[in-house]
Amino acid sequence: MGICKVPGCSLVTNGYSTYCGTHKRCNRRQGHPQQKSVTLYTLRPYMERVTARIEKNPSNPTWSILCDRWDALIASAQAADAEYQSGVAFSRNEREAWSNIEKVGNSANAIQVVTAMLAMYLMRNDCPHQFKSEEGFDRQLVRRLRALAPHYSGEYYDLHTGKTKRVYRDTRPRTAVILTKLIKDTFGAAGLVVARLEQQEINKRQNDQKALQEALHALA
Ligand SMILES: [Zn+2]
């Protein structure tokens with residue numbers, strides 16, 4: 001047995017893994033042993049910025065094109081389901097990926113999906129250190145997409161709080177890889193552009209601020 005590979009962790013490794021049990025689980029769920037999950041709470045400010053950009057440019061076709069792309073993805077998911085029902089073989093992960101898309105499609109509208117996905121790109125642009133690796137980012141994309149549909153696998157009653165708690169089931173890592181590709185093919189290019197535009201605006205605001213300060217200083 002060795003020591004967990006994560007810097008600062010002194011726990012012994014779990015089975016054949018190079019990580020301890022906790023970091024092994026985190027790696028499987030979050031795409032990196034030290035990746036923290038992006039919650040709705042942390043993503044919300046970025047979603048608001050995306051919404052503001054949409055409202056500022058309502059006639060720009062980007063939004064409707066992205067919504068159409070998402071609708072096309074749902075149609076592909078439905079087609080895959082129909083093929084499966086008629087006896088075509090699918091891998092378990094592929095089937096799970098398409099079924100996830102269908103579930104989200106049944107619970108959220110296209111603009112909600114577009115907003116959440118673009119917000120992830122804004123967040124990464126603003127706080128790159130939030131994402132420990134590309135895979136860590138990928139997994140958060142999948143988690144935020146899946147969060148748009150109820151995916152809980154069961155409920156239990158918590159004696160301590162007296163509340164019913166939901167237990168969420170994660171996708172298998174291989175399913176997450178398929179979902180990541182579908183999400184990035186659908187929204188990735190637009191996500192990068194919107195993030196760059198936001199960055200340019202932030203830079204411009206900062207430059208304007210600096211110019212004002214310099215001008216005020218020159219007045220004195
Ligand atoms: Zn560890």
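Analyst: Helices and strands are DSSP runs, a helix having at least four residues and a strand at least two, numbered from the N terminus. The model shown here is predicted. Its chain holds 7 helices and 2 strands.

User: In what order do the elements of the chain run from the N terminus on?

Analyst: The order is α-α-α-α-α-α-β-β-α. The C-alpha trace spans about 70 × 50 × 40 Å along its principal axes.

User: How is the chain divided into domains?

Analyst: Domain 1 covers residues 1–34, and domain 2 covers 35–219. Their centres, taken over C-alpha atoms, are separated by 27 Å. At the level of contacts, 9 residues of domain 1 meet 13 residues of domain 2.

User: Let us turn to the metal. Which residues coordinate the zinc ion?

Analyst: The zinc ion is coordinated by C4 and C9 through SG, by C20 through SG, and by H23 through ND1, at 2.0 to 2.4 Å. Along the chain, these donors follow the spacing C-x4-C-x10-C-x2-H.

User: How should I judge the geometry of such a site?

Analyst: One compares the angles with ideal values, which are 109.5 degrees for four tetrahedral donors. Here the angles among the 4 donor atoms are 102 to 114 degrees, and the site of the zinc ion is tetrahedral.

User: Where is H23 placed, and is H23 buried or exposed?

Analyst: H23 lies in helix α1, residues 21–30. Because its relative accessible area is 16% and the limit for a buried residue is under 20%, H23 counts as buried. C4 and C9 are both buried as well. Beyond its neighbours within four places in sequence, H23 is in contact with C4, V6, C9 and P33.

User: What should I expect of nonpolar side chains in general?

Analyst: In soluble globular proteins, nonpolar side chains tend to be buried together. In this chain, the largest nonpolar core has 46 residues, and W70 and I101 touch the most other members. The elements that give two or more residues to this core are α2 (40–56), α3 (62–85), α4 (92–107), α5 (110–126), α6 (134–146) and α7 (173–219). The greatest contribution, 11 residues, comes from α5. Another core lies apart from this one; it has 5 residues, among them C4, V6, C9 and Y19.

User: Which residues does W70 contact, leaving aside its neighbours within four places in sequence?

Analyst: The partners of W70 are I101, V104, G105, A110, V113, L145, T186 and F187.

User: What share of the contacts in the chain with a separation of 6 or more comes from residues 24 or more positions apart?

Analyst: Such residues account for 67% of those contacts.

User: Where is P150 found, and why does P150 count as exposed?

Analyst: P150 is in the loop between α6 and β1 (152–158). The threshold for an exposed residue is over 50%, and P150 counts as exposed because its relative accessibility is 53%.

User: How does accessibility look over the whole chain?

Analyst: Of its 220 residues, 38% count as buried. The chain exposes about 13,400 Å², of which carbon and sulfur atoms supply 54%.

How values were computed: Residues are numbered from 1 along each chain as its sequence is written. This is a predicted model: local features need pLDDT of at least 70, side-chain atom pairs count only at pLDDT 80 or more; totals for chains, interfaces and linings use all residues. Side-chain values use heavy atoms; hydrogens and water are left out. A nonpolar core is a set of buried Ala, Val, Leu, Ile, Met, Phe, Trp, Tyr and Cys residues joined through side-chain atoms within 4.5 Å. Buried means under 20% relative accessible area, exposed over 50%, partly exposed in between (1.4 Å probe, protein chains only). Contact means heavy atoms within 4.5 Å. Donors are N, O and S atoms within 2.8 Å of the metal (3.2 Å for Na, K and Ca); water is not among the atoms, so sites may look incomplete. Four donors count as tetrahedral if all angles lie between 85 and 135 degrees; four count as square planar and six as octahedral if opposite donors are over 155 degrees apart and all others between 65 and 115; anything else is irregular. Accessible areas come from the Shrake-Rupley method with a 1.4 Å probe; for residues, only the protein chains shown count as cover. Domain bounds come from an automatic or database domain assignment.
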